[in-house]
Amino acid sequence: MGGASNAEISWILGSSRSGSTWLLQMLGELDCVATIDDPHIGHHLGPWRPISLAWAASDEEPELQVLKDVKRDKRSYFFNDRYESAWRPALRELIAVRFGAEAEDACPRGRRGIVVKEPGSQSADLLLSLFPGSKLVFLLRDGRDVVDSWIDAYDTGSWAIEEGAFEATPEGREALVRWLARVWAFRTATVRQAFDRHDPDRRILVRYEDLLTETAGTLQRICATTGLAEPSDPALTAIAERHRFTALPDDRTGAGKEQRSASPGQWRDNLTPREQAAMDEVLGAELERSGYSREPRFAADPAA
């Protein structure tokens, strides 16, 4: 059984609810491309500290971190700095063999690449340092739309509830908005920093908004970086056309559905003014660093 090589792997990293499933499905239609959907390695390697329950119960808003950064100097912590030379090669081998096994099932006659959609992107720095020759697709979406999409997922009868998530109560929504906004800001900052350190020839920043309006052209850009297909391949245009949001059947889209909406900015209508102000207070600075404009009334006075 052959493990996945550095050059084969293309990571899709960023925030969940940013179109990553949609992008993975499109890339998975390319010849000899194996896709790995949500292995959750990043959640195992970088669980949140504090957890969301402790966050909501705190009198003050604590700093969000991952366990590896909190415990890195602890002698007994498994992934500490002291024994990094021991665990790092073994961890890399474990991931490579596991990905290779799944890729062989998907493409038994050989493969051109492996695309991994990893939702636990708070561990982007570790994952990319283990596979420095891999490619990185940094998928970025306006954090306000991400929070709005997740709030919808925690509503009664949604796709997430059916998969075991909890329903958000009206009185708990603002705390949930703050938590989701902080997670988006943390992941976005972490992936951006990892992106800046990664080989410029092996990385690409893709905005969800561009993927939505210029799907075929964005797929061409991705393939030019990842080598998953020739950018001139006519299959890319055909794939983009098949996966247009407006081409999806009505029973797969809308409120409560996993593929909810392709209209940026709906957070203005779906979140209360108080929730919007709380969200901006948490993620506003990272939003600006990511190239998105804040609402003037919040940028001037987050408490307004």
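**View 1. Val 33 and Gly 113 are bridge partners in the sheet.** Val 33 has its bridge partner in β5, and that partner is Gly 113. The model shown here and in the views below is predicted. Strand β2 and strand β5 (residues 113-117) run parallel and are joined by 5 bridges. In general, the strands of a sheet pair through backbone hydrogen bonds, and the pairing may be parallel or antiparallel.

**View 2. The open sheet has 5 strands.** The strand order is β2-β5-β1-β6-β7, and the pairing is parallel. At the edges lie β2 (33-37) and β7 (203-207), each of which pairs on one side only. From one strand to the next, the twist averages 20 degrees.

View 3. Helix α9 (residues 173-197) lies across β1, β6 (135-140) and β7. Relative to β6, α9 runs at about 145 degrees.

**View 4. Helices α7 and α9 pack against each other.** The angle between α7 and α9 is about 135 degrees, and their axes are 9 Å apart. The two helices, α7 and α9, are therefore oblique to each other. Their crossing is right-handed. On the α7 side, the residues in contact are Gly 143, Val 146, Val 147, Trp 150 and Ile 151. They meet Arg 173, Leu 176, Val 177, Leu 180, Ala 181 and Trp 184 in α9. Sorted by class, the contact of α7 with α9 has 9 nonpolar, 1 polar and 1 charged residues.

**View 5. Tyr 154 and Phe 166 form a stacked aromatic pair.** The count of aromatic pairs in the model comes to 12. In the pair of Tyr 154 and Phe 166, the rings are 4.7 Å apart centre to centre, with 15 degrees between the planes. Tyr 154 is in the loop between α7 (143-153) and α8 (159-162), and Phe 166 is in the loop between α8 and α9, so the pair ties together parts that are 12 residues apart in sequence. A pair of aromatic rings is described by two values, the distance of the centres and the angle of the planes.

**View 6. Helices α11 and α12 cross at an oblique angle.** Helix α11 (residues 215-226) packs with helix α12 (residues 235-242) at an angle of about 130 degrees, and the axes are 8 Å apart. This angle makes α11 oblique to α12. The crossing of α11 and α12 is right-handed. From α11, Thr 215, Ala 216, Leu 219, Gln 220 and Cys 223 take part in the contact. They meet Leu 236, Thr 237, Ile 239 and Ala 240 of α12. The contact of α11 with α12 has 6 nonpolar, 3 polar and no charged residues.

**View 7. Helix α1 also packs with α11.** The angle between α1 and α11 is about 70 degrees, and their axes are 12 Å apart. That makes α1 roughly perpendicular to α11. Trp 22, Leu 23, Met 26 and Leu 27 of α1 meet Thr 215, Leu 219 and Ile 222 of α11. By class, the contact of α1 with α11 has 6 nonpolar residues, 1 polar residue and no charged residues.

View 8. The peptide bond that runs from Arg 49 to Pro 50 is cis, and its omega is near 0 degrees. Cys 32 is not a glycine, yet its phi is positive, at about 60 degrees.

Key
Residues numbered from 1 in each chain as written. Predicted model: local features only at pLDDT ≥ 70, side-chain atom pairs only at ≥ 80, totals over all residues. Heavy atoms only, no water. Axes fitted to C-alpha atoms, helices over the stretch in contact; angles between N-to-C directions. Helix = DSSP H or I, 4+ residues; strand = E, 2+ residues; numbered from the N terminus. Parallel < 35°, antiparallel > 145°, perpendicular 65-115°, else oblique. Left-handed = near helix turned anticlockwise from the far one by under 90°. Contact = heavy atoms within 4.5 Å. Nonpolar A, V, L, I, M, F, W, Y, C, P; charged D, E, K, R; others polar. Pairing = 2+ DSSP bridges. Phe/Tyr/Trp six-rings, centres within 6.5 Å; stacked < 30°, edge-to-face > 60°.
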